[in-house]
Amino acid sequence: MTEARGPLAGLRILDLTRLLPGPVATMHLADLGAEVIKIEDTGAGDYARAMGPGERSAGASGDSLFFRMVNRNKKSLRLDLKQAAGVEAFMRLAADADVIFESFRPGVVDKLGIGYEAVRAVNPRIVYCAITGYGQTGPWAELAGHDINYLATSGLLDQIGTHDGTASGPPAIPNLQIGDLLGGALTPLLGVLAAVIGAKATGQGSHVDVAMTDAVLAHTIFPLVTTQVFGQPMPRGADLLTGGVPCYGVYRTADDRYLAVGALEPKFWQALCAAIERPDLAPLGLAMGSEGRRVKGELAAVLAARPLADWEPIFAAADCCVTPILRMDEAIRHPQMVAREMVVEVGGTKQFAPPFKLSAWPWADAAPAPAAGADSEAVLKAAGYTESEIARLRDSGVI
């Protein structure tokens, strides 16, 4: 495959992760030019290859859409780490690597003989990132979990939902995996890149312990504010940014579509009130309690009287932080997304472009996600294995 180009060119990463968090993290690094070697077992490999809608759909790799969307620009090596020869191969690769990502339960990589201490003994500058639900320490460190569990444990899931003016509805499950992506993809990048810079300056690497629950908790700013002020968070759906005030919320239109109202600042709320010809509401954007419910009800009645298509030009002209709530099919066709080139086609699969634009490093054409083991021979040759040694590894099922 063509080597990716970017500011991280020359950075070698061994990626042992599966499914969503780790693969997204390493894809971002690959998009920035790092060499990412995805290491999968010789059995099922990364379960994402056969997961989700479009499972095993037609394509260059025959893998799922989900897998192809989060594994571009990587190389693939199949390796049986339960065999001594597999561990030896991994350690030879690790000796020249800059970063290792893993997402097993605590202690698994140590039992396999490829943990941080083992790698550090041959490569002191290694940055070794472990992504787990609850971290490497604490009473829950060994527990299994998924995104919904991390959101629940961090207190965030309790805050997501609606309030009818009297009581909160049940917690709502977001279709953005906040723990997996904020916690398991973006947070590791901060820790890893900081450690890489440190390693280049001092020659000493680091173990980067990322708990997805920690990362979500560390960003639940407003619930912590209200908890410190009132002794507990606001009821679900009733805080400043969850629907507790008229100027920040979701409102239905006549055709059962919805508008997102984010007119927090007085100037935006006043512009909104002028646009709907209700200047009497202008002083009441942040009203709470019974007065807030009254204003919300009156705004809701006004917005529900006309279809979304009528409101769009009105609010666009008013510049008051009111936008239509788009479906995904509409979002990817939106002129703003088109102008930002946020949807690209890689190997016949539509996917999202990197969410950052670097002026000095225009994003190069991406390589599609690799088939399992597609680069095994090339990776091992680069590590010094001869053709006969590679053949023996293949015959013994190590690769």
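Predicted model: local features only at pLDDT ≥ 70, side-chain atom pairs only at ≥ 80, totals over all residues.
Student: What about C273, how far away is the nearest cysteine sulfur?

Tutor: The nearest cysteine sulfur to that of C273 belongs to C320, 9.0 Å away, and C273 is in no disulfide.

Student: Is C273 buried or exposed?

Tutor: C273 has 1% relative accessibility, so it counts as buried. Buried means under 20% relative accessible area and exposed over 50%, with partly exposed in between (1.4 Å probe, protein chains only). C129 is buried too, with a relative accessible area of 0%.

Student: Switching to the sheet. In what order do the strands come?

Tutor: The order is β3-β2-β1-β4-β5-β6, an open sheet of 6 strands with parallel pairing. Strands (E, at least two residues) and helices (H or I, at least four) are DSSP runs numbered from the N terminus, and two strands pair if DSSP finds at least two bridges between them. The edge strands, β3 (74–78) and β6 (206–211), each pair on one side only.

Student: Over how many bridges do β2 and β3 pair?

Tutor: β2 and β3 pair over 5 bridges, in the parallel sense. In that pairing I37 stands opposite K75 in β3. As for cover, 4 of the 5 residues of β3 are buried.

Student: And which helix lies across β4, β5 and β6?

Tutor: That is α7 (residues 178–202), which runs at about 165° to β5. Axes here are lines fitted to C-alpha atoms, for helices over the stretch in contact, and angles run from 0 to 180 degrees between N-to-C directions.

Student: Which residues have the most contacts inside the largest nonpolar core?

Tutor: They are I13, F101 and V127, in a core of 29 residues. Such a core is a set of buried Ala, Val, Leu, Ile, Met, Phe, Trp, Tyr and Cys residues joined through side-chain atoms within 4.5 Å. Helix α7 gives the most to this core, with 7 residues.

Student: New topic: how many aromatic pairs does a search of the whole structure find?

Tutor: The search finds 4 aromatic pairs. One of them is Y116 with Y128, edge-to-face at 6.1 Å centre to centre and 75° between the planes. Rings of Phe, Tyr and Trp (its six-membered ring) pair if their centres lie within 6.5 Å; planes under 30 degrees apart count as stacked, over 60 as edge-to-face and the rest as tilted.

Student: Where do Y116 and Y128 sit?

Tutor: Y116 is in helix α5 (residues 116–122) and Y128 in strand β5, 12 residues apart. Y116 is buried at a relative accessible area of 11%, and Y128 is buried at 0%.

Student: What do Y134, W140 and Y150 form?

Tutor: Y134, W140 and Y150 form one aromatic cluster. Within it, Y134 and Y150 make an edge-to-face pair, 5.4 Å centre to centre with 85° between the planes.

Notes: Residues numbered from 1 in each chain as written. Heavy atoms only, no water. Contact = heavy atoms within 4.5 Å. Disulfide = S-S within 2.5 Å.
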